[in-house]
Structures are given as structure tokens and as C-alpha cells.
Amino acid sequence: TGVGDVFFAFNVGGAPLQIDPVNLNYTTPAGTKYNIKTLRFIISDLRLHTDDGKSVLLKSVHYYDLGDPTTQSIHIANLPHANFVSVSFTFGLKTASNHRNAYPSIPDLMVWPPHLGSDLGYHYMQLEGDYETDPGTHATASYLTHTGPRHLDGNSLTYPGIVSLA
């Protein structure tokens, strides 16, 4: 058996992603300047696949935070020798296993707020930063992009009566 590490690398426009809470160091194709302050996500069912159709589970659930170096790699011990040809994972968690406080290793800030529904579980991703709203004055505003399941239970104050098990 062998040992290995899984690392995550992110690029914006071909350059390594840089956290910059002050400067708007990126530009969209439409010309809007922006920065990235936060990138957090959960992956699950991380597997390596062999050329003979088998797979090896590397990790069931992993939390990644660009601001926390301890989350940015996965150490794999006892990796079997094989001809690995691909890797797969689930972005986020499957609905059946996505329940509030089910994973103590995932910080509470990844749990959806209770007022949105009784148990929406965990966010899949949080991407946050600032963008320029007026190029003339350089005025900015914040963006908060939070993704995750949409299985509302009808009790949400924001979406009253809406039920979705998607």
C-alpha cells in the first residue's frame, strides 16, 4: 500500500486565486471588478477509480476553507497500488445524509439558518466578496453566494408555504 495527499488548487483567469479583502483584484468578462474574501465548500464520497472498474473511497466527507490551511489537503494512508484513471466526488452532501449537526467536523457556519426551514442541513458552498457598483466613484457592495439543497419544509419565514424535496 502507499500514501498520498489530495490538494485543491483554484485559478481565476489562469492565475492562482488570491484572497484580498481590500482590493478588487479580478475583473469579470463584462468588466465588473471584484474580489474574493471567502471560499468554503463541502465535498463527499471522494473516490479514485481504477482501470478495471473498481473504486477506492478516499474520504466520506471533507470540509474545505480557503482561509484555513488545515482543511486544504487530505492525507491518504494505506492507498492500494492500482492503475487509477479518474477521481470523482459529490459537491456537497446527498439529501439523505444532509442534516443539521450531523458532521461535528464541519463548522456551524456551514449550517443553513433554522429560520429558512426546520432542517436544510449544510451549505454546499459559500463564496463571498465585494464588487464595484460604480466605476466612476469606485463604490462597492458585497456579494454572498451560498449554495446548497433546496428542500424547504413549508415553515420558512422567507418562503412561507413552499415545500420542495429536491
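Buried here means under 20% relative accessible area, exposed means over 50%, and partly exposed lies in between, with a 1.4 Å probe and protein chains only. The model is predicted, so local features need pLDDT of at least 70 and side-chain atom pairs count only at pLDDT 80 or more, while totals for chains, interfaces and linings use all residues. Residues are numbered from 1 along each chain as its sequence is written, and side-chain values use heavy atoms, with hydrogens and water left out.

**Exercise 1.** Find the salt bridges of the whole structure, and state which residues form them.

*Solution.* Begin with the criterion, which asks for a side-chain nitrogen of Lys or Arg within 4 Å of a carboxyl oxygen of Asp or Glu. A search of the whole structure with this criterion returns three salt bridges.

One of them joins lysine 37 to aspartate 130, with the closest N and O atoms 2.7 Å apart. Because lysine 37 lies in the loop between strand 5 (33–34) and strand 6 (38–50) and aspartate 130 in strand 10, the pair ties together parts that are 93 residues apart in sequence; strands are DSSP runs (E, at least two residues), numbered from the N terminus. Aspartate 130 is buried at 11% relative accessibility, whereas lysine 37 is partly exposed at 34%.

Another links aspartate 65 and arginine 40 through their side chains, at 3.6 Å from N to O. Since aspartate 65 belongs to strand 7 and arginine 40 to strand 6, this pair ties together parts 25 residues apart in sequence. Aspartate 65 is buried at 14%, and arginine 40 is buried at 16%.

Arginine 47 and aspartate 45 also form a salt bridge, their closest N and O atoms being 2.7 Å apart. Arginine 47 is partly exposed at 24%, and aspartate 45 is partly exposed at 25%.

**Exercise 2.** Describe the surroundings of histidine 62, including its polar contacts.

Terms used:
A polar contact is a pair of N or O atoms within 3.5 Å; within protein, one must be able to donate a hydrogen and the other to accept it, and residues adjacent in sequence count only if both atoms are side-chain atoms. Helices (H or I, at least four residues) and strands (E, at least two) are DSSP runs, numbered from the N terminus.
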